Amino acid sequence: MTVCGTKGMTSLRQSYKGVDGWSGGSCGIHLGVTIGRDSGVVLRVAAGFLDGLGTIYDVQLKISSSWSLRLVALVCLACAISIPSVTAQTNGEGGDATSKNAAGAVRGDGRCFRAAVGSEVPEPQDLRSVDGILKVDLAFRSFVDSKGEVRYCYVTRNGNQSPTLRVKPGDTVILNFKNEATAAPRQTRTAMAAAQQAGAAARDASAHTAMQMNSGSTPALPCATGSMKATSTNLHFHGLTVPATCHQDDVMRTLIDTGSAPFEYKFQIPADEPPGLYWYHPHIHGFTKAQVLGGASAALIVEGIERAIPDLAGLPERVFVIRDQNLANPDAAPVDSAKLPPVVLDADGDVMNTGTGTGKPAEDLTINYVPVPYPNYPPATITMKPGERQLWRVLNASAITYLSLQVLFGPQAQAVEVVALDGVPIHPKNAALNKYILLTHLGIPPGGRIEFVMKGPPEGTKAELVTRSVNTGAVGENDPNRAIAKIVAKGDAAEPQSSLPKNPMPLPPPSKTWLRDVQPVRVRKLFFSETPLDPKDPNSPTTFFLTVDGETPKPFDPSSGIPNIVTHQGDVEDWILENRSQELHAFHIHQVHFALMEFFGLPVNEPFLRDTVNVPYWDGKNPVYPRVRLRMDFRDPNAVGTYPYHCHLLEHEDSGMMGLIRVEERRQQSTVESRK
């Protein structure tokens, strides 16, 4: 049995082993009984909850069987009286996971949860704000699995993994964040080469500032708990319009070291933040890919999408986080290997694009930590009622994998009702007053999100969630066709743990001009490019660049605080992004959203805003580079600060494809609207 409480008993010894009769992984007082060979009873009592090292405290007493039940009752009573309770509502954190999402709890040995192949997709625990505050104790943990892969996860005080944070506009978020990771990831060859180049450039330019994140000997930063190490981490709240300042959403100066005191993140969700799906993940330059690839990511939902789109009121909702990870079976041959070209690896060992839609992928995929491993791709299982309408909120938390999702009933692709993109609900002005857009292909770059209404298949129908191949270019990674989950229709399927309110109050009409209708004050041009260190060596590490047009390409230097772009709060700009490389890139900027205005020079009239977008690859021949035109929105006061823009293929970001923008205080003469 379990009685939740704090560590109130003296430790007689520490143990990582489970006690007979209980599973571990939660807080409180645990009791187990073992019948001894001499008919005696060993009563085991474990007090407290798993601490940062996964430690369980226990006390063992040997007594006779005739007194066992009586003593159990006495101990239960004493513990319940003497140890303060940590309830499900404390600080709005929520209690232990229910049976629906108990699979997401950290194991008794302190390791991060990973589900079995083919299992039912678990639901992450929901942590909701209470009285305008969401306060959570969150730990960052690591472990090394049986194959030597470093895995990561975020863990709550109650042992639940990678919870979904649910807040309302105007709420205050307080995260007491503790770094308990001990396993250092392997830095990629390209990231190491880029760091060496950036260091050399910094020495040549003698440009040294406080923004130093690339050396184990680096002195403590203004918002750091120690010098930069391979186990250092921080948090980025992707998509939120939160200030890029210390203890809010700064990723350039914030370094949280293993073993340091809990670091407090505290920020307010803007009152006009669009209701939708956001996420949080590490953003440590040089090690971001390793930590995200290892599983460090989770969803954050700003509640109220049913207020923007009343037709969604009352719908059950599911959150699906699709992650990638290193191949579980890297030496296996593709099932259709006879038809395929030979496998070619890049400098970091990722499989390069075959151009066929098949073959060995660069990475495996998981859905809510249920792995779907190459080469046979045994799908996970999603169960729902036949014909039931659910809101599916899908996050591509992959480090380098693009998704092109389809829902299949038999061989037929199904159109789904897309209602939001990158956290922003559909805007009626550009949707002909429609409440959704019907799509059969859902392209999601790494870091992107999409929300759509899914209707359950008829019972007995073969149904699947799949990702189609994405052509990433001649030197891009291979993202082939593969299944992700089978969708099983059952009349007695359990209801999802969360549903949207049934009688929402509609949002008031927007008080600001729709971004697409605002004329930009200036136009900038940037370009993606990349160069192998040794053009004659196909396995040579590559250096990646994201350059303002007219400047010489150079990799991002974390030791320089000089911004590449300076603008002012209140401005709206158009950015033209060219891709001068032969692989697909995904552009992302912190703190703000943008509107996609043109794609390949063709006008686009989307009813959404984005924070991440694909930039098509160059074929190596065309005299005109592929490009997109984005309308960048710096009107919000929270946009003030210095923060990065980069490729969201995290290998590219770690390897130099990043820049800094400084948004200065609003100029007095500006009359542009102040809110987004």
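Asp 574 and Arg 631 form a salt bridge in which the closest N and O atoms are 2.7 Å apart; a salt bridge here is a side-chain nitrogen of Lys or Arg within 4 Å of a carboxyl oxygen of Asp or Glu. This pair links distant parts of the chain, with Asp 574 in strand β35 and Arg 631 in strand β40 (residues 627-633), 57 residues apart. Helices (H or I, at least four residues) and strands (E, at least two) are DSSP runs, numbered from the N terminus. Asp 574 is buried, with a relative accessible area of 0%, and Arg 631 also counts as buried at 8%. The label buried stands for under 20% relative accessible area, exposed for over 50%, and partly exposed for values in between (1.4 Å probe, protein chains only).

The model is predicted, so to read it well, note that local features need pLDDT of at least 70 and side-chain atom pairs count only at pLDDT 80 or more, while totals for chains, interfaces and linings use all residues. Residues are numbered from 1 along each chain as its sequence is written, and side-chain values use heavy atoms, with hydrogens and water left out.

In total, the structure holds 28 salt bridges. One of them joins the side chains of Arg 166 and Asp 126 at 2.8 Å, N to O. Here too the partners come from distant parts of the chain, Arg 166 from strand β9 (residues 164-167) and Asp 126 from strand β6, 40 residues apart. Arg 166 is buried, and so is Asp 126. The two residues also belong to a network of salt bridges that links Asp 126, Arg 128, Arg 166, Glu 303, Glu 317, Arg 393 and Glu 451.

Turning to covalent links, a search of the whole structure finds two disulfides, each a pair of cysteine sulfur atoms within 2.5 Å. Cys 112 and Cys 153 form one of them, with sulfur atoms 2.0 Å apart. Cys 112 lies in the loop between α1 (68-82) and β6 (126-128) and Cys 153 in strand β8 (residues 150-156), so that distant parts of the chain, 41 residues apart, are linked. The link of Cys 112 and Cys 153 is left-handed, with -75 degrees about the S-S bond, and both cysteines are buried.

A disulfide also joins Cys 223 to Cys 246, with an S to S distance of 1.9 Å. Cys 223 sits in strand β11 (residues 223-224) and Cys 246 in the loop between β12 (236-238) and β13 (254-255), 23 residues apart. With 70 degrees about the S-S bond, the link of Cys 223 and Cys 246 is right-handed. Cys 223 is buried, at a relative accessible area of 5%, whereas Cys 246 is partly exposed at 33%. With the bonded cysteines numbered in sequence order, the pairing is 1-2, 3-4.

Most residues other than glycine have a negative phi, and most peptide bonds are trans. A cis peptide bond joins Tyr 374 and Pro 375, with omega about 10 degrees, and Pro 375 is placed in the loop between β19 (370-372) and β20 (380-384). Tyr 377 is in the loop between β19 and β20 as well; its phi is near 50 degrees, a positive value in a residue other than glycine. Tyr 377 is buried, with a relative accessible area of 12%. Phe 600 is found in the loop between β37 (594-599) and β38 (602-603) and is partly exposed, with a relative accessible area of 45%.
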